[in-house]
Amino acid sequence: MANRSLAKDHADTCVLVTGGAGFIGSHTVVELLARGYRVVVVDDLSNSSETALERVRTIAGLAPDDNRLVFYEDSILDRDALSRVFDAHDIDAIIHFAGFKAVGESVQKPLEYYWNNVAGTLVLCDVARAHNVKNIVFSSSATVYGEPEFCPITENCPKHDATNPYGWTKSMLEQVLSDLYVGDNEWNVVLLRYFNPIGAHESGLIGEDPKGIPNNLLPYVAQVAVGKLARVGVFGDDYPTPDGTGVRDYIHVVDLARGHVAALDWMGGKVGTGEARGLGSIAGEPAEDGTRRGVGIFNLGTGTGSSVLDVIHAFERACGHKIPYEIKPRRAGDIAENYASCDKARDELGWVAEYDLDRMCADSWRWQSANPDGYATA
Ligand code: WQD
């Protein structure tokens, strides 16, 4: 059964964004609306707030009843609810963010993670296929590389066993989505491997709002800076890195969001050379309707590694005061360093990250200082 063409104007293209009320999802919806796409969001609000979407409307200049953005509070596990959404909207493509994403929690709750992330994606793809929608951009993660065999990491760097159920769900879903194309060449799949997304929209209206005590470095640093937490625990300073602390490739969430828009244009045959490079990328030239078929795999990072102390000092420059920290033992499962090679995304998607660590921290500080309790106080 044929697939929808993406070779048409953005204003005629409807994108379903699962998890679109979340941190990366909401920033991606802003970028899609700015480029004229029509957007439908499905989000169960288990780790997000509808306030984020109200603020997305403000940023986009949309009235509350403007149907260029439509929201459904539903789970991707709810087949009937998803069918109603596909029946009501002429969806052309899916950007799939919805999923649980806390590494530590996934170790404690493996069934919930496999059920929600893997089974949820299977239901989503089954309903999409029934509606002739076979264009999907998937939120994957650099975690699939495990302890990388080399840095900077290219897309054909070997994948390693995950060290937690969250990471396994990403690896497994990359395989599931790749196999969809092998079984039916009408599928058009893009796997985006995120490095470490941080920052916030420059307006300070939307940003990262983790539940409870943050697991990730940047939101923890931001909460120390705003006085909600006492000090940052630096998990180890004896790694084989320049200052001994862990090195990661932090990417501004707006750069990341723009990478998703570039992926849609690539799917529609609008950018890139189309030549397939790297393991797993088997996307050829666009078909006669202008839409590519196949599997594209792209790292989305900056290509620059920053240490924990680099992040703390950059955030001090952003907030204008010292941020207390103490050295603590290494965190189980952490790797010393990883950072991306993004040449493939540059060459094929025409995408390059623009913002540096100082801009990431300045935008994060503006969000955090204006919303010390995230969306809770909205
Ligand atoms: C970054 C660095 C820590 C917290 C994880 C997931 C990945 C993605 C991003 C979802 C490391 C150090 C951290 C703290 C610290 N998530 N750190 N004190 O572990 O690289 O990646 O989040 O898609 O899939 O694996 O991110 O922010 O937790 O850690 O010293 O309080 O900061 O040791 O070196 P990580 P992180």
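**Close-up views of side-chain contacts and backbone features**

**Figure 1. Salt bridge between Lys228 and Asp373.** In this predicted model, a side-chain nitrogen of Lys228 and a side-chain oxygen of Asp373 are 3.1 Å apart in a salt bridge. Lys228 has a relative accessible area of 41% and is partly exposed. Asp373 is partly exposed as well, at 35%.

**Figure 2. Salt bridge between Arg359 and Glu202.** The closest N and O atoms of this pair are 3.2 Å apart. Arg359 is in helix 11, while Glu202 is in the loop between strand 7 (196–198) and helix 7 (217–225); the two are 157 residues apart, so the bridge links distant parts of the chain. With a relative accessible area of 26%, Arg359 is partly exposed.

**Figure 3. Salt bridge between Asp92 and Lys8.** Here the closest N and O atoms are 2.7 Å apart. Asp92 lies in the loop between helix 3 (79–88) and strand 4 (93–96), and Lys8 in the segment before strand 1 (14–18). The two residues are 84 residues apart, and the pair links distant parts of the chain. Asp92 counts as buried because its relative accessibility, 2%, is under 20%. Lys8 counts as partly exposed, with a relative accessibility of 28%.

**Figure 4. A network of salt bridges.** Four residues, Glu31, Arg35, Arg258 and Glu354, are linked in this network. The model has 22 salt bridges by the rule applied. Side chains of opposite charge can pair when their charged atoms come close.

**Figure 5. Aromatic pair of Phe315 and Trp365.** The count of aromatic pairs in the model is four. One of them is formed by Phe315 and Trp365, with 6.1 Å from centre to centre and 85° between the planes. The pair is edge-to-face because that angle is over 60 degrees. Phe315 is in helix 9 (residues 308–319) and Trp365 is in helix 11 (residues 357–370), so the contact ties together parts that are 50 residues apart in sequence. Phe315 is buried, at 0% relative accessibility. Trp365 is also buried, with a relative accessible area of 17%.

**Figure 6. Charged side chains over aromatic rings.** Arg330 lies over the face of Tyr239, at 4.0 Å from the ring centre. In a second example, the charged end of Lys344 sits over the ring of Phe298, and the distance to the ring centre is 4.6 Å.

**Figure 7. The cis peptide bond between Cys151 and Pro152.** Omega for this bond is about -10°. Pro152 is part of the loop between strand 5 (135–141) and helix 6 (165–183).

**Figure 8. Positive phi at Leu45 and Asn132.** Neither residue is a glycine. Leu45 has a phi of about 60°, and is placed in the loop between strand 2 (38–42) and helix 2 (50–60). For Asn132, phi is near 65°. The loop that holds Asn132 runs between helix 5 (110–130) and strand 5. Asn132 counts as partly exposed, at 22% relative accessibility.

Key:
Residues are numbered from 1 along each chain as its sequence is written. This is a predicted model: local features need pLDDT of at least 70, side-chain atom pairs count only at pLDDT 80 or more; totals for chains, interfaces and linings use all residues. Side-chain values use heavy atoms; hydrogens and water are left out. Rings of Phe, Tyr and Trp (its six-membered ring) pair if their centres lie within 6.5 Å; planes under 30 degrees apart count as stacked, over 60 as edge-to-face and the rest as tilted. Helices (H or I, at least four residues) and strands (E, at least two) are DSSP runs, numbered from the N terminus. Buried means under 20% relative accessible area, exposed over 50%, partly exposed in between (1.4 Å probe, protein chains only). A charge sits over a ring if NZ of Lys or CZ of Arg is within 6 Å of the ring centre and within 35 degrees of the ring normal.
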